[in-house]
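Subject: Structure handover

Hello,

Here is the structure for your files. My notes on it follow below.

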Amino acid sequence: MDFPSYPELFRGLSDSALRELESEFERVHLPSGETLIRQGEPGDCMYLLVSGRLRAYVERAEGDEIVVGEVGRGEVVGEMALLIDEPRSATVRAVRDSELLKLSKEVFDHFMEKHPLAMKQIARVNLMRLRRTILFPRVESTVATIAVVPAGRDAPLSSFAERLARALGAVGPTLHLNRDRFERRPGPARRPGTAADSAIAAWLSEQETKYRYVIYESDATQSEWTRRCLRQADHVLAVGLGGSDPAIGEAEAEIQPFDWRGLAARRDLVLLHPDDARRPIGTQGWLAARHVDGHHHLRAHSDADYERLARFLTGRAVGLVLGGGGARGMAHIGAIRAIQELGIPIDLIGGTSSGAIIAGALAKGLDYEGLVATARERLVAPGSLLDFTLPFVSLISGRRVSKALERTFEDLMIEDLWLSYFCVSSNLSRARMVVHRRGLLRKAIRASVSLPGILPPVFHDRDLLVDGGLMNRLPVDVMRRFCNGGKVLAVNVNTTSGLESGDAFGEHLSGWRVLAQRLNPFKSRTEGPNIASILLCATLLNSAQAQESLEREADFCVQVSPAPIGLFDFKSLEAIVTAGYEAALKQLEGWAASRSGDSAPGRLAKRRNSGRAPSSRPALSPP
């Protein structure tokens, strides 16, 4: 064993102490999906992971489990229970076939007595781990091995694996293994048996040490090589041709016999489309036929799309979260322009209320110019969206809003968007937040923008859904669950200013008097807030306190404060967009430069001088 390559836990010990410890370790093989330790059990040993990957879970009071971390090659698990003589604090399972070294409590205690320096080092390492958990309470992606299997029929697996290897190669050294390359590996003749299996495991472990990423390309049928690919994988990609028959293929059936979600490697569906495809179609059928944790749409020969997938796999994706704000939410369009000009990729996107509209349009494939043109055509040109009705359920009927959403998004499904998308609404019937990731896009957005008392709620499975800002005005926490350890960038539009009034009404108000003044052309109009603006501000203020903690959870939050214009004043579109652009450009330049190693102003100048319009899917690396 090569202890110098192992973690900080053993650094500082003498060579003789390391040799003594090495002789006491017992080798353990843990198949994929098997449990290593269980929460609540007494701690009688610790483990050192030689190869493979483990995942830690904590059982909550509700009875379900949440993922709290992953353990990679060279890391230690279980030492805390030995130090404090308390039960295991988490359950640990193998994400894939793993080789470990086991050290018993008796040997551990004896070694600590003989080498007190080791106790100090272990305490230091665990305190640093605790500090990281407090400061950055999130699960980071540590994927190293990726298995690609065919989904459906006629999947171009080899060309996909080669392109993915090139995209990953820009991040770190990458090895692409298929069965032919594996069988041509150097070494003695292969004979079946335990010794041969150990030699194979050792050789694969050596490759994973040499290369940052290893892609295992499976066979097109069930085979020993396909099963080995799946056993070695931290992440499984099922690759299919979009628009073709979504039936499960033979090799893919290896990972579909039952739902082993959470027990083994993450599984994602990748659908490849022609380069000139307007938009994906039929994704629902693919998802209904298989258990996957997520899906991705790629144009078959688009380097930018493969780079986006590579960022997601390696924990370097950027998820953009857009908050609400009524008409002021159009500032998100300007913020998107600044983000793209700075070369920051947008790999996933989500939002609430007006942010859900802009996020959906971007995920659909619109660029900055398309976003502005659509907003002008759908929100400004038709005039006011406030089609008032008798206020038994809401102040406006919602017909104009629904029509605008229908013209913009037609019958597009969330699953068929180019970018991974979500929006949130609030379930009045069950007092909880709803995250929309599947289904009719315009219906989900219609729910997310349904301000209580202003727009009628959306009915869904006998529940009433209203504006997402009521429960989560800036859903950074939701994006954190979906971005696979990547960065979360948020844009918050300040809506707390602008609703001001003199003593227009005093302590009492006659609605008939206000109506008469507004209808009489010879009387000056009484200035004051209208009921729609009051209800909107009340909705936004309700979640303001929770929003502050959500802003802190983002890796960066752009704050936009447009001029104090009406919350339904879409005619001020140009001014709102400009405010979003200028605020985002100013605030993001430093953030982008500090993480890219490049000069943000210089990069911006180069993009402007290129004469090209900003792309809605930038291919540059995230900051």
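I start with the cysteines. Cysteine 423 is buried, as its relative accessible area is 0%. Cysteine 483 is also buried, again with a relative accessible area of 0%; the cut-off for buried is under 20%. Please keep in mind that this is a predicted model. A disulfide is a covalent bond joining the sulfur atoms of two cysteines.

Four strands form an open sheet in the order β2-β7-β4-β5, and their pairing is antiparallel. The edges are taken by β2 (35-37) and β5 (65-71); each has a single partner strand, so one side of each has no neighbour in the sheet. On average, neighbouring strands of this sheet are turned by 35 degrees against each other, ignoring direction. In general, the strands of a sheet pair through backbone hydrogen bonds, in either a parallel or an antiparallel way. Here, β4 (residues 54-59) and β7 (residues 91-94) are paired in the antiparallel sense, with four bridges between them. Leucine 54 has alanine 94 in β7 as its bridge partner.

Last, the surface. Leu390, Phe392 and Val393 make a nonpolar surface patch of about 400 Å². Phenylalanine 392 sits in the loop that runs between α13 (368-380) and α14 (399-409). Is phenylalanine 392 buried or exposed? Its relative accessibility is 74%, so phenylalanine 392 counts as exposed, the cut-off being over 50%.

Regards

Conventions: Residues numbered from 1 in each chain as written. Predicted model: local features only at pLDDT ≥ 70, side-chain atom pairs only at ≥ 80, totals over all residues. Heavy atoms only, no water. Patch = residues over 30% accessible without salt bridge, like charges linked within 9 Å, V, L, I, M, F, W, Y side chains within 5 Å. Areas by Shrake-Rupley, 256 points an atom, 1.4 Å probe, with all protein chains shown as cover. Salt bridge = Lys/Arg side-chain N within 4 Å of Asp/Glu carboxyl O. Helix = DSSP H or I, 4+ residues; strand = E, 2+ residues; numbered from the N terminus. Buried < 20%, exposed > 50% of the residue type's maximum accessible area, 1.4 Å probe, protein only. Pairing = 2+ DSSP bridges. Axes fitted to C-alpha atoms, helices over the stretch in contact; angles between N-to-C directions.
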